[in-house]
Amino acid sequence: IGMDDQAAPLFSGEIDVAIVRGPLAERELDVVPVALDQTVLMTAASHELAQEEEVSLDDILPFRMCPAVAPDYFMEFWHLNDLRGGANVDTSLPPARTVSEVQLAVSTGRVISLAVSMIMRVLPNELVRAVPFRDGPVSTIAVARQRSDDRRVVRDFVDAAVAGAAEQIELLP
């Protein structure tokens, strides 16, 4: 699923619940957090910040962000627009639709991107480096369902996901 359609299968009725990554600002959804994930800076392996032990907000603010296809509120979060006082996106690049496309754009050294800490374990790429972001925002992993769907089976699934995450959270590196 691309960054722009996390909630689409819920709204279309294809699925009853979804594991989603925040932020998610759909008022028609009930979003129940199950885990938090620290953000990292994704940069080209050759970028000046790639060899840092960690980066701060001040370190990354001057650099342009990778454009992506996603709802505005999602990109506001991932581009740090509130913290930087507006957008700093390289609009000469085509907007990425997938994490692999973000990695490709970042690998050129023209842009940087924020990502979740597990990204390089899931999609390793020799041309990209994930640098810990010490004062970066935290991303929420959540279970989402349509707010109007009050079926017991759906409520039970959400409750089981929350309980399972609480019991097994130490397995999440």
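This report walks through the strand pairing, the nonpolar cores and an aromatic cluster in a predicted model.

## Strand S2 and its partners

Let's start with strand S2, which covers residues 29-44 and pairs with strand S5 (residues 138-146). The two run antiparallel, and nine bridges link them. To find your place in this pairing, look for Leu 36, which sits opposite Thr 140 of S5.

S2 also pairs with strand S3 (residues 113-116), again in the antiparallel sense, through four bridges. Here Leu 41 faces Leu 114 of S3. Strand S4 (residues 128-132) is another antiparallel partner of S2, with five bridges between them. In that pairing, Val 40 is opposite Pro 132. As a general point, side chains in a regular strand alternate between the two faces of the sheet.

## Two nonpolar cores

The largest nonpolar core holds 33 residues. Which residues have the most contacts inside it? They are Leu 41, Val 55, Ile 60, Leu 114 and Phe 133. Among the elements that give two or more residues to this core are strands S2, S3 and S4, together with helices H2 (57-60) and H3. Helix H5 (99-107) and helix H6 (119-122) also belong on that list. A second, separate core has nine residues, including Val 34, Ala 35, Ile 141 and Val 143.

Setting aside neighbours within four places in sequence, Ile 60 is in contact with Leu 41, Leu 49, Val 55 and Leu 80, among others. The list of its contacts also includes Arg 84, Ile 112, Leu 114 and Phe 133. In soluble globular proteins, nonpolar side chains tend to be buried together.

## An aromatic cluster in view

Phe 74, Phe 77 and Trp 78 make up one aromatic cluster. How many aromatic pairs does the model contain? The count is two. One of them joins Phe 74 and Trp 78 in a tilted arrangement, with 6.1 Å from centre to centre and 45° between the planes. Phe 74 and Trp 78 lie about one helical turn apart because they are four residues apart in helix H3 (residues 72-78).

The rings of Phe 77 and Trp 78 also pair: their centres are 5.0 Å apart and their planes meet at 80°, so this pair is edge-to-face. Is Trp 78 buried or exposed? With a relative accessible area of 8%, Trp 78 is buried, and Phe 74 is buried as well. Phe 77, at 22% relative accessibility, is partly exposed.

Note on methods:
Residues are numbered from 1 along each chain as its sequence is written. This is a predicted model: local features need pLDDT of at least 70, side-chain atom pairs count only at pLDDT 80 or more; totals for chains, interfaces and linings use all residues. Side-chain values use heavy atoms; hydrogens and water are left out. Rings of Phe, Tyr and Trp (its six-membered ring) pair if their centres lie within 6.5 Å; planes under 30 degrees apart count as stacked, over 60 as edge-to-face and the rest as tilted. Buried means under 20% relative accessible area, exposed over 50%, partly exposed in between (1.4 Å probe, protein chains only). Two strands pair if DSSP finds at least two bridges between them. A nonpolar core is a set of buried Ala, Val, Leu, Ile, Met, Phe, Trp, Tyr and Cys residues joined through side-chain atoms within 4.5 Å. Contact means heavy atoms within 4.5 Å.
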